[in-house]
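Below are some notes for a colleague who is opening this model and would like a guided reading of it. Please keep the structure in view while going through the points.

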Amino acid sequence: MAELVTLGETIAAIATAIVPQQGSIGIVRLSGNQAVTIARQLFTAPGQQKWESHRILYGYIRHPQTQQVIDEALLLLMLAPRSYTREDVVEFHCHGGIIPVQQVLQLCVEQGAKLAQPGEFTLRAFLNGRIDLTQAESVAQLVGARSPQASQMALAGLQGKLAQPIRQLRDRCLDILAEVEARIDFEEDLPPLDENSIIEGLQDILTHVQALLATADRGELLRTGLKVAIVGRPNVGKSSLLNAWSRSDRAIVTDLPGTTRDVVESQLIVGGIPIQVLDTAGIRETADRVEKLGVERSRHVASQADLVLLTIDAQMGWTTEDEAIYQQVQHRPLILVINKIDLGLADSLSFIPQIKQIVKTVAAQNQGIEQLEKAILASVESQNIQAANLDLAINQRQAAVLTRAKIALEKVQETIVNQLPLDFWTIDLRAAIQALGEITGEEITESVLDRIFSRFCIGK
């Protein structure tokens, strides 16, 4: 995509989600050297309203040939360089819905604008020096944030809190490289290189790189969350557990086994972590074709889940059916939920396998949910992934690049220990500098830009 971007060429896109009868405002955004010209062709502002930067005009969007009124709207002007893209930016704030915004977008295209590609507005902001690459990626992460913590983490990146330490590390590498190259070029005119100082500096840089790398898993957890599957045989209270946990009637609850025929989903936040809870059909052997499909889906969901809540009936105890299900899911991170404890505990519960996390609930009465959430967070922490109090975190692309920088820095250390010539030091130092530059965008290729911005939504 990057090679197709012509800076200054005017692009247009719908910048808001358009859902029939759901949105009150729809925004059509333009950026480029013809944005204001196109706006003047389409927008009539009655009275003496001034077309000045960072002003909102009231008026009508008209067809330039027929003068038919398309919509009553507001027009927002943001002239270069004081705009998101550092180009002239115009926004038509129309009535929400499909028809008005699509008509306005079509008129913009007819007047010479090009339909924007995914992420092209943010790409232009990056190419024009308005933001660096970490900030651009944070924009996408903010749009897709699924919890307040993920949102705050994205905002930290947008404010440059990730780029700043990366640039500092890169600058320190450049300083070391300059010292080494100076000794190569002007060895007779300069004092000997202080190897101990270089070694200490490299180790300090490497320590900071490793600290940033340690945030990758935690950040990914906050961004994508956990997929949690509630599994068990029919009528043990899986749907009641989902309803109690989500505080809504997402699943049908009856005394009849096999009520849930498909996977029912609910989105929750637990300890700042987004949780996708999946209530599955009761797993049992059945001749019912529809229920059989539901059982197969349940098995598939359980095999793909980050965490499985194996639910059993306290009164019925540990049955052969429970044991069969356990054998299918025991390789996954697992919490055993003993439900309906108010009806009594069966003797067979003494035969439960050695499962580390066990929670007792009365889902129908909303009891045990807090203990269940604590068990889930404990399960997460046991994997050394702690999401709380995380100010910023690198994403998977940044982690991969930062790993390259770490390897290059370790090779420099190895080169020094092996007392190889200074020319060898510079090879891996340059590799580390290039990798750190790829994170902020100071060293970047078009293919990488394509991969990053193609994941954006259109209009952002």
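**Notes on the sheet, the rings and the charged pairs**

1. Arg29 stands opposite Glu91 in β6, and the two strands concerned, β2 (residues 25–31) and β6, run antiparallel and are joined by seven bridges. Strands and helices here are DSSP runs numbered from the N terminus, with at least two residues (E) for a strand and at least four (H or I) for a helix. Arg29 also lies over the face of Phe121, at 5.5 Å from the ring centre; a charge sits over a ring if NZ of Lys or CZ of Arg is within 6 Å of the ring centre and within 35 degrees of the ring normal.

2. The model is a predicted one, in which local features need pLDDT of at least 70 and side-chain atom pairs count only at pLDDT 80 or more, while totals for chains, interfaces and linings use all residues. Residues are numbered from 1 along each chain as its sequence is written, and side-chain values use heavy atoms, with hydrogens and water left out.

3. The open sheet has seven strands in the order β3-β4-β5-β6-β2-β1-β7, with mixed pairing, where two strands pair if DSSP finds at least two bridges between them. At its edges stand β3 and β7 (114–115), each with a single partner strand, so one side of each has no neighbour in the sheet.

4. Five aromatic pairs are present in the structure. Phe43 and Phe92 make a tilted one, at 6.5 Å centre to centre and with 50 degrees between the planes. This pair links distant parts of the chain, since Phe43 belongs to strand β3 (residues 43–44) and Phe92 to strand β6 (residues 89–95), 49 residues apart. Rings of Phe, Tyr and Trp (its six-membered ring) pair if their centres lie within 6.5 Å, and planes under 30 degrees apart count as stacked, over 60 as edge-to-face and the rest as tilted.

5. Phe43 and Phe92 form one aromatic cluster with Trp51, and Arg40 lies over the face of Trp51, at 4.4 Å from the ring centre.

6. Salt bridges number 16, each being a side-chain nitrogen of Lys or Arg within 4 Å of a carboxyl oxygen of Asp or Glu. One of them joins Glu442 and Arg170 (3.6 Å, N to O). Glu442 lies in the loop between α14 (422–440) and α15 (446–453) and Arg170 in helix α6 (residues 163–185), so the pair ties together parts that are 272 residues apart in sequence. Glu442 is partly exposed at 43%, whereas Arg170 is buried at 11%.

7. Arg430 and Glu181 also meet in a salt bridge (2.1 Å, N to O). Arg430 is in helix α14 and Glu181 in helix α6, so this pair ties together parts that are 249 residues apart in sequence.

8. Within helix α13 (residues 396–417), Glu410 and Lys406 are four residues apart, about one turn of the helix, and they form a salt bridge whose closest N and O atoms are 3.0 Å apart. Elsewhere, Glu87, Lys114, Glu120 and Arg124 are linked in a network of salt bridges.

9. Helix α4 (residues 133–143) is mostly covered, with eight of its eleven residues buried, among them Leu133, Ala136 and Val139.

Methods. Buried < 20%, exposed > 50% of the residue type's maximum accessible area, 1.4 Å probe, protein only.
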